[in-house]
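Please look over the sequence and the structure below before reading on. The paragraphs after them go through the parts in turn.

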Amino acid sequence: MPWRGSALSMENTMQPDLPSPTESPFKVALTSANFEALLTVESFQRPVVIDFWADWCAPCKMLMPILDKLADECQGQFILATLDTEAEPQLAAQFGVRNLPTVAVIRNGKPVDHFSGALPESEIRAFLAKHLPNAWDADIQTALMLMESDQVLEALVPAHTAYELSGQQPEIACFYARILLLNHRLDECKAVLANIRLADQDDGYHTVMAQLELAEQAAEAPEIQECLDRLAQSPDDLLLHMELAVQYQQQNRNREALELMMTVLRKDKNFQDGGARKTFLEMLQSLAKGDPLAVEFQRQFFSLLY
């Protein structure tokens, strides 16, 4: 084991007993009886974090409540296995633990990382984060499965969720931009790509950008250009706004379509005896449930009405 030290030692100071472990499905006391199952079975499913402690170890008493809290907070992303080195000295020796407290991460039956001492919570969080799945991994997998089954519209929602949960990381941003592009959401795709820093613009970024540029060149259908020309001559013609909005929606340029319809409704909420409102709502309904674009314009619409 890489953390072997010179002797199993820690100052024996007067401290209260360790708090009784709270019942939790994410925490277990590691013993010789369950050692095999945890390390050779469970650790292949998710990380097993072993907390080596002893009743006389003062820093152990500081560390254990933090680990308990993080185990409950992570809701099964890892199993916290507490090992009483006095009750199970042979297991402690097998791991080569010489100093307490020591925390080790086991993956696929092998130790992959460790630390010793009672670290502050922020450092323990950073230590665990290296070994836990990302919060957005499940959403990425959902989006990929939907895309594989040609449900590219439905893939937008989990892709957007992953994009936000990741803090708009460049790799996730490119993934989300690609799905926006597949849905012909060109303006939104461009906005997402525009937020990626130059230093993070890798081959994946340039591929999506090239595809976007080609899509933009093909997007200006003659019908759209004709509407734009007529609207330039009659900028106050609300019927032309609606006509162009419908053309945009047929090209899956949904944001532009909805923005135009909101322009109409802001000028006349009852335009065409409610026809404009009906068209706007139909456009919203054509989007996937939970689509952030739909949510955004629903809010604008309700603000306009109320």
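Which residue in S3 is the bridge partner of Ala-29? The bridge partner of Ala-29 in S3 is Thr-82. Before going further, note that this is a predicted model, in which local features need pLDDT of at least 70 and side-chain atom pairs count only at pLDDT 80 or more, while totals for chains, interfaces and linings use all residues. Residues are numbered from 1 along each chain as its sequence is written, and side-chain values use heavy atoms, with hydrogens and water left out. The names H and S stand for helices (DSSP runs of H or I, at least four residues) and strands (runs of E, at least two), numbered from the N terminus.

Two strands count as paired if DSSP finds at least two bridges between them.

Strand S3 has pairings with S1 and S2. S1 and S3 run parallel and are joined by 3 bridges. Strand S2 (residues 48–53) pairs with strand S3 (residues 79–84) in the parallel sense, over 6 bridges. Within S3, Leu-80 is the bridge partner of Val-49, and Ile-79 stands opposite Val-48. Strand S3 is mostly covered, with 5 of its 6 residues buried. Buried means under 20% relative accessible area, exposed over 50%, and partly exposed in between (1.4 Å probe, protein chains only).

Contact here means heavy atoms within 4.5 Å.

Leu-63 lies in helix H2, and its relative accessibility is 1%, so Leu-63 counts as buried. Leaving aside neighbours within four places in sequence, the contacts of Leu-63 include Asp-51, Val-103, Phe-115 and Ile-124. Ala-118 is another of these contacts; Leu-63 and Ala-118 are 55 residues apart in sequence and 5.3 Å apart in space, C-alpha to C-alpha.

A group of helices comes next. Helix H5 (residues 137–148) has 12 residues and reaches 17 Å from its first C-alpha to its last, close to the 16 Å expected at 1.5 Å a residue. The expected span is 1.5 Å times one less than the number of residues. The buried residues of H5 are Asp-139, Ile-140, Ala-143, Leu-146 and Met-147. Down the axis of H5 they fall within an arc of 130 degrees, so they line one face of the helix; the arc is that of the directions from the helix axis to the C-beta atoms. Ala-138, Met-145 and Glu-148 are exposed on the other side of H5. The buried residues of H5 pack against helix H6 (156–165) and helix H7 (170–182). Just after H5, Asp-150 takes a positive phi of about 60 degrees.

Ser-166 sits in the loop between H6 and H7. With 7% relative accessibility, Ser-166 counts as buried. Not counting residues up to four places away in sequence, Ser-166 touches Trp-136 and Ile-172. Ile-172 is one of the buried residues of H7, among them also Phe-175, Tyr-176 and Ile-179.

The largest nonpolar core has 28 residues, and Phe-175, Tyr-176, Ile-179, Cys-189, Val-192, Leu-193 and Leu-212 have the most contacts inside it. A nonpolar core is a set of buried Ala, Val, Leu, Ile, Met, Phe, Trp, Tyr and Cys residues joined through side-chain atoms within 4.5 Å. H5, H6, H7, helix H8 (186–194) and helix H9 (203–219) each supply at least two residues of this core, and the largest share, 9 residues, comes from H7. A second, separate core of 26 residues includes Phe-280, Leu-284, Leu-287 and Ala-294.
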